[in-house]
Amino acid sequence: MNEAIVTLKKGEGRTIKAGGAWIFDNEIDSVTGSFENGDIVVVHDFDGYMMGRGFINTNSKIRVRMMTRKKDQMIDDEFIKMRVQNAWDYRKNVLLEKDLNCCRVIFGEADFLPGLVIDKYDDVLVVESLALGIDKFKLQIVDYLKEAMAADGFSVRGVYERSDAAVRKKEGLAPYKGFIGDEFDTNVEIVENGVHYMVDVVNGQKTGFFLDQKYNRLAIQRLCKGKKVLDCFTHMGTFALNAGIAGAADVTGLDISEFAVSQATANAKLNGLDSTVKFRQANVLDELPKLAEAGEKYDVVILDPPAFTKSREATKNAMKGYREINMKGLKLVKDGGYLATCSCSHFMTQELFVKVIGQAAQAAHKRLRQVEFRTQAPDHPILWAADESYYLKFLVFQVVDEK
């Protein structure tokens, strides 16, 4: 087999040399041999040293995504099967057995299957393919994953593809949604931390549900018994319902989306929490000052906003957004109460996020005592040197008034 060879410029390839997975277009000196976009190519350093294999796409600034660092490793059926089995074995090791009910089973570059995400919602798999090269292996990966899970007694009722993210355009790919295999009922009930949710895998955000906050939501339960709680950007009501199931006295969830509020309300009813956990449609940035003006105070305020930045260039504006939302949230916390705040943008680094919260606390005349710092759940592993795999920062503080 004649594979095309990608040769790096001298001094380039820092990301993959550090353990990452991406080679950018401006790092490449030459490509010799013929190939089609999506094909596997061999990668050489400037001096001819072989660095492994990955798939190429000239439509993308991420020109090559690495699949293996081993010189003699071919990307064949056995290789794909091994990668899938490793991903599943990892989840069995790092999650409690009950948490295998709903989890991320493949997390792209961090599972050494770049560009592919597969989430498990009870007996349904949802696939998101974000790169042309991995698209070619998608059906094979799904079949091997079904096999690996069946060996442990986990059956799959259906598979749905949610490859409708805008980022696919950067790969020269059209967005796509549809069944892989037979059609099935795409409203799926899952249980996480004792809370039941109906997940709509066709219309829900991303693959239908945000699994990465699993243990952060659990951490909130400890703070909420008998408390008055405000959950901002509630989406499907996840933090609010964790507060409710922990015995909170009164929970309000806010979201700008009418669809999200209707889903959250249905989930409250599903858990028998509709008398204590209420949701309403509101623009959080406008609503928080109104609540402060009305003299409202809460024992626990939770801020889980969407990513304020999806590019490095927009980070400065995002910092303003995070500063503003945290300042407004802090003003609503009772003296001695708690703030849980997070950022899901990998461009908002841990250092930047901590800096912004400090500025917000100063502006709100509040002092912070850090209770804990957390990241995404371990089924979303962080691959060092692959910065995009570390995106979720979650902090819990006790808030005290300046005396």
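Student: Which residues of α5 are buried?

Tutor: This is a predicted model, in which local features need pLDDT of at least 70 and side-chain atom pairs count only at pLDDT 80 or more, while totals for chains, interfaces and linings use all residues. Residues are numbered from 1 along each chain as its sequence is written, and side-chain values use heavy atoms, with hydrogens and water left out. Buried means under 20% relative accessible area, exposed over 50%, and partly exposed in between (1.4 Å probe, protein chains only). In α5, the buried residues are K214, Y215, N216, R217, A219, I220 and Q221. Because 7 of the 8 residues of α5 are buried, the helix is largely enclosed by the rest of the structure.

Student: At what angle do the axes of α5 and α6 cross?

Tutor: Two packed helices are described by the angle between their axes and the distance between the axes. Here the axes of α5 (residues 214–221) and α6 (residues 238–245) cross at roughly 40 degrees and come within 8 Å. That makes α5 oblique to α6 (angles under 35 degrees count as roughly parallel, over 145 as roughly antiparallel, 65 to 115 as roughly perpendicular and the rest as oblique).

Student: Which residues of α5 and α6 meet?

Tutor: Contact means heavy atoms within 4.5 Å. From α5, N216, R217, L218, I220 and Q221 meet T238, F239, N242 and I245 of α6.

Student: Where is P306 found?

Tutor: P306 lies in the loop between β17 (298–303) and α9 (315–330). P306 counts as partly exposed because its relative accessibility is 48%. Not counting residues up to four places away in sequence, P306 touches F233, Y322 and C344.

Notes:
Axes fitted to C-alpha atoms, helices over the stretch in contact; angles between N-to-C directions. Helix = DSSP H or I, 4+ residues; strand = E, 2+ residues; numbered from the N terminus.
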